[in-house]
Amino acid sequence: MIKNIAVLLAVAGLLMIFLPVISGFQERDNLNELAADYVDGSINDLGTPNVVTSVIVTYRGLDTLGEVTVLFLATVGVGLLLKGNREDMIKISPLELLETTSSVLVALIMVLGIYIFTHGHLTPGGGFQGGVVIASGFLLLMLSKVNAKISHSIMNFVESFSGVAYVGIGIAGIVLTIGFLNPGILPLGQFGDLFSAGAIPVIYSLIGLKVGSELTSILVTMRGE
Amino acid sequence: MISMYTLILGIALLVIGFYAMLTRKNLIKIVIGFSIADTGTHIIIVSLGYLRGKTAPIIDGAVNAVNAVQEVVDPIPSALVLTAIVIGLAVTAVMLSFIVEMYKKNKSLSIDDYQELKW
Amino acid sequence: MIPVIIIGLGVIMLAAAVAAIYFKSLLASIISAGVISLLASVIYLILGSPDVAMTEASIGSGLTTVIFLFALHRVRKGKSDD
Amino acid sequence: MVSPIYILILSLAVGFLLSILDKGGRKLSLTAFYGVLTFNVAVIADWLYRLVFLHVPALVINTAGFNAPISINLELGITEAFVLLLANLTALLAAVYLLKKFKEGRVSSLILYLVLIMGVNGLVMTQDLFNMFVFLEILSISTFALTTITKTSKTLSAGFKYMIAGGVASTFFLLGVVFVYYFTGSLNLGFLQAGQFTNTGLIALFMLSVAVFIELKPFPANGWALDVYQSVDSGIVSVIAVVNSAAIGFVFYKIMPLLPQNFLTVFGIAGVVTFFFSNMMGLKQENAKRLLGYSSIGQMGLLLAILVFTANVPANIRYLIIGGLFLNHLISKAGLFWLAGIVKQDKIKNWGVLRNNKPLLVLFGLFIFALSGLPPFAGFWAKWEFVKVLVDAKMFFVLTSVLVGSLFELIFLFRWFTSVVKDTDTASEPLVSPGKSKAAPVIVFGLLAVITSFGIIRFFYQFHWIQVLPVLAVLVITLIDFLPSKLKGFLSLATVAGYASYLYPLLESNIQLFFGVIFIIGSAVNLISTLNRKNQSKGFYGFLLMMIFSFGNLLIASTYLEFFLSWEFMTISSFLLILRGQKAQRASLMYMIFSTAGAYLIMVGFSFAPALTSASALIQSIAEVNLPLISIIVLAIGFMIKSGSLGVHIWLPEAHAEAESDVSSFISAILLKAGVFGLLMVAISYVSHAPSFDVFYWIGWIGVLTALVGAFMASFQEDAKRLLAYSSMSQVGYVVAALALITHLGWVTAMYLAFNHMMFKSALFIAIAGIYYRTHTRTMYKMGGLISKMPWTYMTVLMAIIAVSGVPPLSGFGGKWLTYTAFITKGWYLQAGVLFFASGVSFLYLYRLIHTIFLGQLKYEHQNIKEAPVWFIIPQYIFLGGIMAISMFPNLIIKPLNSIAMRYFDSSIQIDGLTIISDLGYWNGNMVMYVTMGLFAVPFILLMLVKGKTQKVKQFNIVYAAERPESPQTTHIAHNMYAHYRKALGRLTLPRIQNFWNGVAEWAHTSGGFFRRVYTGNGQTYVLHIIMYIVVIYVVMGVQ
């Protein structure tokens, strides 16, 4: 009873904190200086049509590196917690039709995933979204083929390789004295082309690989090896 | 004023999520509550980045590269939310693996059964 | 028109949120939470953030739900106890 | 010169690669792992060196080739480098500590650990708010996962609570960050200013700061952290408690400049509240790691409070306070957590197993002392400066809470320490040998504690080397501790002689010289009795010398800090000496608690005192200082605790009785005089600048009542040492009372009594030591008839009690004469009456010493005992010689005392040859001696003449009227000798004061037990606490 009252008070308190946020909120009309710089810079300095991508991959590249790391940590952490429990592995007997068609579908999904992250600088989406799509391809594989074993070492290798390569590109920026994670290590190319925007598509592809393999690892572990 | 509506929506989801964390006894529901609160947070953030009548910050057919600055919404909150979503997934996954292990040890999903440490 | 859509979506989302809390079945709760994320991605689209929308749709409503379901299966307890 | 961004890069790259490297063998992955951690330390150490000594400007690292705020930038200034060096060092050592786990466990834990430390480095260096959020999440997730390095039901549930608590906090942090962006258009700390936040904007700051604050575990929203501290592996906990807290604390430090004053004040007070309550709840805690958890949380609260409340303090002092406290907490807490993992005992009372490993026991003591804020460790200096800051800023609420909280902390820490050293009721299983990898980090941190202490002394205070001599003595004696005890005793004696000759030219005035005689010569003579020690007496002489040197240093201390430093050294050394007694666990603990309370009062008193104007010794220069009333009061109470005045005396009988016999004489005869010395110092300032309120009138009354109650209590003791203890209390009561007269004659009297007491009480305690050495009992009615067996000792006791009681011809008579004269001259008739009555009472107990121990019938079991060893007899007779000398020739002492007191008052006595003349009469010691001798001789000769007619009675030549009583000693006349007085006057001696203090203790414990019930153990309740806490803080701050 006392607890219920306390919960109600807590919720009321939260609302009280947020109320002035709502009443003081005003839809903005113009970009602030920083955002305007980003839009401007993305087009002129980085040659990247998707401004969000240039913010993620370049301007706030350190965040993104961190973000990939967080996902990596989750993979490792989930592994530390759950690995080695085969007995409660999830087995769902699939439909025969699904089993046969899945192989085709998986291939298609993978291609879609790769498309998404290689075009991150041009269209919406990028490494993270593409990575998830790849992981969902593996998920389909897992669900459709009971005994499908997704090689841990390959996943591991892809994960490590893409991570190290990502950091390596960052270092290349330092070596060329243009700054850690600067995409200018590659030429800008023609605005709007696939091979343009410096190293941004490369970085985003590596992120895509890393996220894809990490998420797959998480899924595999959560399912029970 | 559409971002005002979404802001309110986000706050409502956040509070509902917290309410679930405070009242549900089932561990998985507590995590669901956390996940709802997380979604609410993300909606709040995107609402803050919206500019009246502007479009996505992608230079393509719809947006002219020359006066893009006048035509697009704020890209920064989008970038931040992207990061936050991924982090949210990571936290949720770790939380759920805790629950799986806790259940294996104690065969219970009720948070009330996990208070051997206190005072 | 757009405000109406947003309000409609919002109402559904809030309903789904409340449902997610009060459903007896954990499975239903998880699905409801997934629905919230899915609708949220529509809102992101409207707010001019297609990148976020894609992420939310794939991660928030897709992958997170799958992970929840995996976890649920592993604790083999279909029912919520409150 | 490697850029610190490589710390992030290398940690990540190696982290990503570790699972592949591990396929080539664990050795390979471990090498890479420790390599990176060492690399981190090296890079930061290099930068700290550059920044501090080469004055390189703070390093700014821009990422992505753009300047801030376009891109995220990192910054490494001196503060960042300092925090990171300590954090990385701790992380490296904790990793070494965890070597076994890392070797045998999965590679995952290595990865998590490495990335965790990367997160810490990033969090400290980054200047971007959202980037902070990312690093915070890296830190959190890796920590969550690492809590399960040992996977038990407890660690899992603790980890889960930690996660949901952390989840709520990080949600608020994220919202705060985004709102900051919404209101200001920037995320970079370098481009944000406090002025940009108004109205709704303040909510952004509120969310941001309160989230960080929650992560720092404020009371009561911190149950989750306690569970983690209690259950998780010690190595990981040391990282969570120290490294993570440091990084998150630093985030708070970074956003502080943005926060408005009312936010800061609330956070500061919340920090103080956390400190206070954590320590109070710690009182009830029996689980070692959870106790350390309470202490950690408390320390973080204190650090936050200090961050807030020292904002306007000069930078170097601020760094000293914050850095000192942080360093102290980091070293001692990590060390203690590691020890907890080595001891492997949950319950504090089972930690006695540490006794099987002396080096670890020493390290344990070192960490406890450091954590308690005792010198020479960093916490001491920080506390001293912080108290001064609080006093200057008139923040008395904070001051009181901090000091009371510190006292609570000291109580549980020292209860733990004394129990480890002494408790016999402990687990019997032996301590498992910790292995090199687990012991090495503890040792390194032990050394670091000592080195940093001297570093602080060197860089912040320019002390004369003699000020740290007490510590050096301990260190040196420890090196030669393998020598036999007697040799060390002689060496110590020689060292004291050397010290005395060094000290002598430094003494500027008679008053110093006078107390120098009491402190140093008195100690030296007392030291002779310790030569009787057998075996090695490990550790004894080190602390004895430490105590003697700190007595001497009190005399020449020329600043408040120097005085206080010596005072604390004195407390530490005497505590450790008392603790050596067989059953001294409780006694020494009580001594420490009261001494520390006294020390806090003295610290506060000095903080109120105006600056000194001259560089001479404090006892001299204090005369020029106008101490405010509050300062006089707290200083007086502080010093009177040490001199055992009524009300705060309850440590005294315990400590005297339970200390080893040869230590008791030091405590009574000399240590109590240190309190008198301090009080005299206060009085000297009072004389020249008397405030309106007559403090010393009341001190006088306390002294008088102490004399009376002490005498009563002494009369009812069966234990000879306890009797002497109460007698000491009573005698020092006279001294205090006489001092409080604030007249020339009063001071002469006080010093005369102090000197006299030093001599006769030393002699008595050493005599009792000799008796105890032979009979193995202190209970008087178990003795009797020892006069024939121990005639030399008998002679001492007889002479000494004559000297105490004030019967002619010995020095006590002069003391009594001076006392009454002084009191009556001042007009304190009532007080004089009470003292007169008290000295009557003192006959009762003094009589027992002679009657019960030496007269009557010899006990059967004492048929064959011998005279006390010569090492006990020598000092007794030296003191007797002193007593005889000043009895015959009082001028030897009265003349110098007269001149000392004349510095402050007009003389009230004249000295005419051997006669001392006051307004009321005269006293000629020489004459008294002759007259008394004559009066003594007449009956003595008569007795000799009739000698042939006396008859000797054998022991059992007694006729019983009926049966033999069941318990023979009840028929002993000495048993409960003053039962009839007890009936009449016993009410006066009821342990009311004891009961009062017991009540205080119980109240504190009960409160601790009550408050800690908020920690229900339910994770959901903890989330509720957090949200409620946020709401309450919001309301209190009045954000809107």
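Domain bounds, as used on this tour, come from an automatic or database domain assignment. The structure is a predicted model, in which local features need pLDDT of at least 70 and side-chain atom pairs count only at pLDDT 80 or more, while totals for chains, interfaces and linings use all residues. Residues are numbered from 1 along each chain as its sequence is written, and chains are lettered from A and ligands numbered from 1 in the order in which they are written.

**First stop: the domains of chain D**

Select chain D and colour its domains: domain 1 (260-427 + 437-462), domain 2 (477-693) and domain 3 (750-946 + 969-989). The centres of domain 2 and domain 3 of chain D, taken over C-alpha atoms, are separated by 25 Å. Between these two domains, 22 residues of domain 2 of chain D are in contact with 23 residues of domain 3 of chain D; two residues are in contact if their C-beta atoms, placed from the backbone, lie within 7 Å.

Which elements give two or more residues to the side of domain 2 of chain D that touches domain 3 of chain D? They are helix 20 (510-529) and helix 27 (661-688) of chain D. Helices (H or I, at least four residues) and strands (E, at least two) are DSSP runs, numbered from the N terminus. Helix 27 of chain D provides the largest share of that side, 11 residues.

**Second stop: a sheet in chain D**

Three strands form an open, antiparallel sheet here in the order 3-4-5; two strands pair if DSSP finds at least two bridges between them. Strand 4 (residues 915-917) of chain D pairs with strand 5 of chain D over three bridges. Within strand 5 of chain D, D:Asn924 is the residue opposite D:Thr915.

Show chains A and D together: 46 residues of chain A are in contact with 45 residues of chain D. On the side of chain A that touches chain D, helix 4 of chain A gives the most, with 15 residues.

**Last stop: chain C against chain B**

Finally, select chains B and C, whose contact takes 43 residues from chain C and 42 residues from chain B. Helix 1 (2-22), helix 2 (26-46) and helix 3 (50-75) of chain C each supply at least two residues of the side of chain C that touches chain B. Helix 3 of chain C gives the most to that side, with 15 residues.
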